[in-house]
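Trainee: I am new to this structure and would like to know what stands behind the words used for it. Please go through them one at a time.

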Amino acid sequence: MARTVYLNGEYLLENEAKISIFDRGFLMADAVYEVTSVLDGKLIDFNGHTDRLRRSLDELDMKNPISYKELLEIHRELVLLNNINEGLVYLQISRGAPSDRDFVFPNPDETDPTVVLFTQNKPGLANSPAAKKGLKIVSIDDERWGRRDIKTVQLLYPSMGKMMAKKVGADDAWMVQDGHVTEGTSNNAYIIKKNKIITRGISNSILHGITRAAVLRFAKEGQMQVEERNFTIDEAYKADEAFITSASTFVMPVVEIDGNKIGHGKPGSNTSRLREIYLEESKKAAI
Ligand code: PDD
């Protein structure tokens, strides 16, 4: 069934939504995005995603064309129209479509941003079989640009990273810079050693994950120790547990890195507990 999507103020069938070939999202990856998960028909961590969206727009000097209230309304309307119980809402704002290709930003008084939202239906998202099995990860060099804290649609290298993983029979890749793990291709990366959760601190080198912030908060509330610091890939090989977080995977165990089994090669107990807590608490707070 064709989805109903949102484009610049209109709800349209997906095959009726068209944007200009001069759109800067298309020509220059001059666009930012957010992915918000939906559980039981409600939005998870919506305020966190909206705050980060505003920050991404500000960092790129892009006009914010839409209020929090409108965004919430559109998200909810799309979830209803497309009958989403479990899934995702994708939101993208580009700097819009000037009348020609030009490296210089268009005058924001003349060119309005392009706003696109669509849903992805994912029944079984919370009860994913991958969460019981765990993921196999390979490490790759981090060859992305330096402002990974801005959630832009420049996703070619992360896509290439997923393909590098797939080619060798793994599920995903962790990126490594100067010997230290930065993050996963589309998620934040963690190890657990002696019951302590270790993850890279926030900086321009990684995306400031909304799921990350919530999981670290729940971990601290649950009296688990958290250390935000760089860790090496060698340290990861010897970890007791490892996992990733993102809006589309929540907390997902990692059971193998570059062929090295993590713990006993099965999802760790701390990781499984964190996943349960995250799902329970964020469902309670969903709007
Ligand atoms: N990706 N790091 C990167 C590079 C990401 O692309 C993502 C999210 C995260 C996790 O952020 P959050 O917890 O806010 O989802 C970390 C989304 C899900 C995507 O691109 O589909």
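Mentor: Start with burial: buried means under 20% relative accessible area, exposed means over 50%, and partly exposed lies in between, with a 1.4 Å probe and protein chains only. This is a predicted model, in which local features need pLDDT of at least 70 and side-chain atom pairs count only at pLDDT 80 or more, while totals for chains, interfaces and linings use all residues. Residues are numbered from 1 along each chain as its sequence is written, and side-chain values use heavy atoms, with hydrogens and water left out.

Trainee: Why is Asp 149 called buried?

Mentor: Asp 149 has 0% relative accessibility. The limit for buried is under 20%, so Asp 149 counts as buried.

Trainee: Where is Asp 149 placed?

Mentor: Asp 149 sits in the loop between strand E7 (135–141) and helix H5 (156–167). Helices (H or I, at least four residues) and strands (E, at least two) are DSSP runs, numbered from the N terminus.

Trainee: What makes Arg 55 and Asp 149 a salt bridge?

Mentor: A salt bridge is a side-chain nitrogen of Lys or Arg within 4 Å of a carboxyl oxygen of Asp or Glu. For Arg 55 and Asp 149 the N to O value is 3.1 Å, so the pair meets the rule. In general, side chains of opposite charge can pair when their charged atoms come close.

Trainee: Why do Asp 149 and Arg 147 count as a polar contact?

Mentor: A polar contact is a pair of N or O atoms within 3.5 Å; within protein, one must be able to donate a hydrogen and the other to accept it, and residues adjacent in sequence count only if both atoms are side-chain atoms. The side chains of Asp 149 and Arg 147 are joined at 2.8 Å. The side chain of Asp 149 also makes a polar contact with that of Arg 55, at 3.1 Å. A network of salt bridges links Arg 55, Glu 59, Arg 147 and Asp 149.

Trainee: Which residues does Asp 149 touch, not counting residues up to four places away in sequence?

Mentor: Asp 149 touches Arg 55, Ser 203, Asn 204, Ile 206, Leu 207 and His 208. Contact here means heavy atoms within 4.5 Å.

Trainee: What are the domains, and how far apart are their centres?

Mentor: The assignment gives domain 1 (4–121) and domain 2 (130–285); such bounds come from an automatic or database domain assignment. Taken over C-alpha atoms, the centres of domain 1 and domain 2 are separated by 26 Å.

Trainee: How do you know that domain 1 and domain 2 are in contact?

Mentor: 21 residues of domain 1 are in contact with 21 residues of domain 2. The area buried between domain 1 and domain 2 is about 1900 Å², and carbon and sulfur atoms give 63% of that area. Buried area is the accessible area (1.4 Å probe) that two parts lose on being put together, summed over both. Across the interface of domain 1 and domain 2, the rule finds 2 salt bridges and 8 residue pairs in polar contact, both residues at pLDDT 80 or more.

Trainee: Which element gives the most to the side of domain 1 that touches domain 2?

Mentor: Strand E3 (31–39) gives the most, with 7 residues.

Trainee: What makes Glu 227 and Lys 196 a salt bridge?

Mentor: Their side chains meet at 2.9 Å, N to O, and the limit is 4 Å. Glu 227 lies in strand E12 and Lys 196 in strand E11 (residues 196–199), so the pair ties together parts that are 31 residues apart in sequence. Glu 227 is partly exposed, with a relative accessible area of 25%, and Lys 196 is partly exposed at 25%.

Trainee: Are Glu 228 and Arg 212 buried or partly exposed?

Mentor: Glu 228 has 40% relative accessibility, so Glu 228 counts as partly exposed. Arg 212 has a relative accessible area of 5%, so Arg 212 is buried. The side chains of Glu 228 and Arg 212 meet in a salt bridge of 2.8 Å, N to O.

Trainee: Why is Asn 230 called partly exposed?

Mentor: Asn 230 has 35% relative accessibility, so Asn 230 counts as partly exposed. Asn 230 lies in the loop between strand E12 (225–228) and helix H7 (233–237).
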